[in-house]
Amino acid sequence: MSPDLVGPRREARERALSLLYEADAKGSTPAEVLASLDLEPEEFAGDIVRGVGEHQASVDELITRFAKGWTIERMPVIDRTLLRMAIYELAHRPDVPTAAIISEAVDLAKRYSTDDSGRFVNGMLGRIADEVRPD
């Protein structure tokens, strides 16, 4: 990824995290949260939010299958949301490098969630990436 995309992509992921967290907290769909905005989010953020909403069933199936000893409902909302975002990107955004997706998700987990979240998110995404991006 070119250096000039690191900042904007990180900011877009933070915005997507915020919007998806809002959808979860309100019991709304990501599409409903996007529709309620006065201003459309940056393109990359909007793509993540829409993509998570459109592919949530298959994304949640992967989370459920790979989460040993955790139900998706028991996960901290931030962790669950970050996993959904990253899995969407891993499965549907081949233009974004695997390492960048995982690194950003781990950094956001460390910043916004529990002390153990970075390690948890990293482990989950590493195993899931091996399945959805085997090369």
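**A look at helix α7 and the fold around it**

On helix α7, the exposed residues Arg119 and Asp130 sit on the face turned away from the helix's buried side. Keep in mind that this is a predicted model.

**Helix α7**

- Helix α7 covers residues 117-132, and its end C-alpha atoms lie 22 Å apart; this agrees with the 22 Å that its 16 residues should span at 1.5 Å a residue.
- The buried residues of α7 are Ser117, Gly118, Phe120, Val121, Met124, Leu125, Ile128 and Ala129.
- These residues take up an arc of only 155 degrees around the axis, so they lie on the same side of α7.
- A handy reminder here: residues three or four places apart point the same way because an α-helix has 3.6 residues a turn.
- The cover over the buried residues of α7 includes α4 (56-66), α5 (77-92) and α6 (98-112).

**The whole chain**

- Along the sequence, the pattern of the protein chain reads α-α-α-α-α-α-α.
- The radius of gyration is 14 Å, close to the 14 Å from the globule rule for 135 residues, so the protein chain is as compact as a globular protein of that length.
- Taken along the principal axes, the C-alpha atoms fill a box of roughly 40 × 35 × 25 Å.

**Contacts and surface**

- Of the contacts between residues at least 6 apart in sequence, 69% join residues at least 24 apart.
- Buried residues account for 44% of the 135 residues in the protein chain.
- The protein chain exposes about 7,100 Å², with carbon and sulfur atoms supplying 52% of that area.

Conventions:
Residues numbered from 1 in each chain as written. Predicted model: local features only at pLDDT ≥ 70, side-chain atom pairs only at ≥ 80, totals over all residues. Heavy atoms only, no water. Helix = DSSP H or I, 4+ residues; strand = E, 2+ residues; numbered from the N terminus. Expected span 1.5 Å × (residues − 1). Buried < 20%, exposed > 50% of the residue type's maximum accessible area, 1.4 Å probe, protein only. Arc of directions from axis to C-beta. Contact = heavy atoms within 4.5 Å. Rg over C-alpha atoms; globule rule 2.2 N^0.38 Å. Areas by Shrake-Rupley, 256 points an atom, 1.4 Å probe, with all protein chains shown as cover.
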